[in-house]
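Have the model open and follow along.

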Amino acid sequence: MNLESYIRDIPDFPKEGIVFKDITPLLASPEGFRQAIDTIAEQFADAGVTKVLGAEARGFIFGGALAYKLGAGFIPARKPGKLPWQTTKAEYALEYGIDTLEMHLDAIGPDDVVLIVDDVLATGGTAAAKTELAECTGARIAGLAFLIELDFLGGRGKLTDHKVVSLIHVT
Ligand code: AMP
């Protein structure tokens with residue numbers, strides 16, 4: 001089945017004017033979830049990925065499955081104060097204000113090759129923050145992978161130095 005058919009559009013969620021891309025039908029489908037993970041994994045099969053970096057909460061789901069599939073480790077990026085050990089942080093702009101993502105200081109090192117994963121690429125702010133977290137360690141970025149890219153928001157423009165793979169494009 002077409003991957004797009006597993007995504008449910010929810011108009012005006014969480015606020016008016018936003019069309020929320022609900023990925024839970026895809027997660028609930030053994031075929032859909034497997035197809036999404038396998039298709040992304042194929043694109044990075046020869047990249048020598050050692051760590052997959054994903055942010056809470058939906059990045060954990062795709063990141064964990066991809067790490068397993070690629071034979072890599074999984075590294076969680078989290079909101080401030082959630083990780084128990086020493087952290088490094090990156091800030092990114094929200095519509096109103098600034099948010100922060102943290103990662104354990106020793107989670108990624110200069111010998112690592114990192115794949116950054118999330119469900120949706122929108123403005124690219126969170127993806128750029130994760131890229132910064134990984135690059136600060138001296139690691140190499142294999143690329144970034146998304147289930148859905150909202151092309152009209154131009155998030156890819158913040159990630160120009162890297163390979164960006166999106167399975168579904170919303171124009
Ligand atoms: P951004 O930093 O603007 O690229 O936003 C990306 C993050 O916000 C991702 O973690 C997505 O899960 C979430 N997100 C942004 N827009 C949407 C949307 N229309 N539907 C679902 N999730 C979204």
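## Salt bridges

A quick definition to begin with: a salt bridge here is a side-chain nitrogen of Lys or Arg within 4 Å of a carboxyl oxygen of Asp or Glu. Keep in mind that this is a predicted model. Take R78 and E56: their closest N and O atoms are 3.1 Å apart, and they form a salt bridge. The two are 22 residues apart, with R78 in the loop between β4 (73–77) and β5, and E56 in the loop between β3 (51–55) and α3. R78 has a relative accessible area of 23%, so it counts as partly exposed. E56 is partly exposed as well, at 25% relative accessibility.

By this rule the count comes to 8 salt bridges. One of them joins R8 to D22, with the closest N and O atoms 2.8 Å apart. That pair links distant parts of the chain: R8 sits in strand β1 (residues 8–11) and D22 in strand β2, 14 residues apart.

Buried or exposed, where do D118 and K130 fall? Both are buried.

## The largest pocket

Now for the largest pocket, which has a volume of about 1,200 Å³. Its lining takes in 34 residues, and F20, R58, V120, A122 and T126 lie nearest the centre. Which elements give two or more residues to that lining? They are β2 (19–22), α3 (58–70), β5 (87–93), β6 (98–104), β7 (113–121) and α4 (125–135).

## Aromatic pairs

The structure holds 3 aromatic pairs. In one of them, the ring centres of F13 and F20 are 5.2 Å apart and the planes stand at 85 degrees, so the pair is edge-to-face. F13 has 42% relative accessibility and so counts as partly exposed; F20 is partly exposed too, with a relative accessible area of 23%. F20 is also one of the residues that lie nearest the centre of the largest pocket.

F33 and F62 make another edge-to-face pair, 5.9 Å centre to centre with 75 degrees between the planes. F33 is in helix α2 (residues 30–43) and F62 in helix α3, so the pair ties together parts that are 29 residues apart in sequence. With 22% relative accessibility, F33 counts as partly exposed, whereas F62 is buried, its relative accessible area being 1%.

## Two more residues to look at

D9 is found in strand β1 and is partly exposed, at 42% relative accessibility. Which residues does D9 touch, leaving aside its neighbours within four places in sequence? The answer is V19, F20 and K21. Between D9 and K21, 12 residues apart in sequence, the C-alpha to C-alpha distance is 5.1 Å.

K69 lies in helix α3 and counts as partly exposed, with 46% relative accessibility. Setting aside neighbours within four places in sequence, K69 is in contact with I37, D38 and A41. The C-alpha atoms of K69 and A41 are separated by 6.9 Å, though the two residues are 28 residues apart along the chain.

Notes:
Residues numbered from 1 in each chain as written. Predicted model: local features only at pLDDT ≥ 70, side-chain atom pairs only at ≥ 80, totals over all residues. Heavy atoms only, no water. 1 Å grid on protein atoms, 1.4 Å probe; cavity = no way out; pocket = protein on both sides within 12 Å on 5 of 7 lines; lining within 4 Å. Points joined across faces, edges and corners; volume = space filled by probe spheres on them. Helix = DSSP H or I, 4+ residues; strand = E, 2+ residues; numbered from the N terminus. Buried < 20%, exposed > 50% of the residue type's maximum accessible area, 1.4 Å probe, protein only. Phe/Tyr/Trp six-rings, centres within 6.5 Å; stacked < 30°, edge-to-face > 60°. Contact = heavy atoms within 4.5 Å.
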